[in-house]
There are 2 protein chains.
Amino acid sequence: MSLPNQHTISVMVENRPGVLARVSGLFARRGFNINSLAVSATEDPEISRMTVVTTGDTRELEQIIKQLNKLIDVITIYDHTDENLIEREIALIKVHATVENRSEIMQLTTVFRAEIVNITPSDETMIIEITGDQNRVDAFLETLAKFDVLELVRTGKIALVRGARAT
Amino acid sequence: MSLPNQHTISVMVENRPGVLARVSGLFARRGFNINSLAVSATEDPEISRMTVVTTGDTRELEQIIKQLNKLIDVITIYDHTDENLIEREIALIKVHATVENRSEIMQLTTVFRAEIVNITPSDETMIIEITGDQNRVDAFLETLAKFDVLELVRTGKIALVRGARAT
């Protein structure tokens, strides 16, 4: 489901100013790029959950996780490598849909079970929403690449392990 | 659609290590909490798009935007205040679904057009996916609050303006 060397980790942190800067600073100091990051509140508004997708050496990542654990704002870290996950993300894609290609774009949207969420006829634009795991979103974006994609925004991945956690 | 004083901004940045730390550090230094953040690559893999949702004084935010514009890695900023947006986020919710309350949870899931994406009978857990704008996700989470929510993860909001941009 993931690219080689791609890691997904969830970091539960205190929801207060500066935490995000400290966590992302730790990745930056080790030269680790963050492919995607999604941060939002949890069932406890005092706690935020960060889902980090990063690419790099596994042992180097272990060092980063050790250092994250030392940060006072970090509550728990889940390294999802080899875990049985439910993964999701959304992308919104704005395309220039002309009279000529509009029906082809609509057919592809149906095939991928994506959804057209806005059409603005005056400037021939369309916004399409797709939800799924990373592979599905990537495949849809590849299919749309031959059209005129004006804007694209993705949430980045979120993930939960199937079943209750043993810990 | 949004809470009072809640602002959504999109920041297009160079996709390289350290950018996220610099951008989030700027918010932190002014004591601005980030309610949610979604960062991922765009149609151009060299460019990432950050969707920041923050709560605070409008004039203070204007100062932050000015400073963000001075960062070398920042390409463009869109302040979405008063814009006509398509907004989306996903939440994954793991609930303890017993024999007694399972059918009620399933009914609520249908009402909200959410989706059950995993059931683990051995430990009576269920993972539900909901997609929509912030109000819809919030309303569903409020409805589920009376059940035993074991884990919750949200992507945070992403947004596109309807129609082509004038700029």
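**View 1. Salt bridges across the whole predicted model.** Over all chains, the count comes to 20 salt bridges, a salt bridge being a side-chain nitrogen of Lys or Arg within 4 Å of a carboxyl oxygen of Asp or Glu. This is a predicted model, where local features need pLDDT of at least 70, side-chain atom pairs count only at pLDDT 80 or more, and totals for chains, interfaces and linings use all residues. Residues are numbered from 1 along each chain as its sequence is written, chains are lettered from A and ligands numbered from 1 in the order in which they are written, and side-chain values use heavy atoms, with hydrogens and water left out.

**View 2. Arg22(A) meets Asp73(A).** Here the closest N and O atoms of the salt bridge are 2.7 Å apart. Arg22(A) sits in helix α1 (residues 19-29) of chain A and Asp73(A) in the loop between α2 (58-70) and β4 (74-79), so the pair ties together parts that are 51 residues apart in sequence. (Helices, H or I with at least four residues, and strands, E with at least two, are DSSP runs numbered from the N terminus.) Arg22(A) is partly exposed at 39% relative accessibility, while Asp73(A) is buried at 3%; buried means under 20% relative accessible area, exposed over 50%, and partly exposed in between (1.4 Å probe, protein chains only).

**View 3. Glu87(A) and Lys157(A), a buried pair.** Both residues are buried, and their salt bridge has its closest N and O atoms 3.5 Å apart.

View 4. Arg49(B) and Glu151(A) are both buried.

**View 5. Chain B against chain A.** The two chains bury about 4,600 Å² between them, 62% of it on carbon and sulfur atoms; buried area is the accessible area (1.4 Å probe) that two parts lose on being put together, summed over both. On the chain B side, Glu151(B), Ile158(B) and Leu160(B) lose the most area to chain A, together 13% of what that side buries. In contact (heavy atoms within 4.5 Å) are 57 residues of chain B and 57 of chain A.
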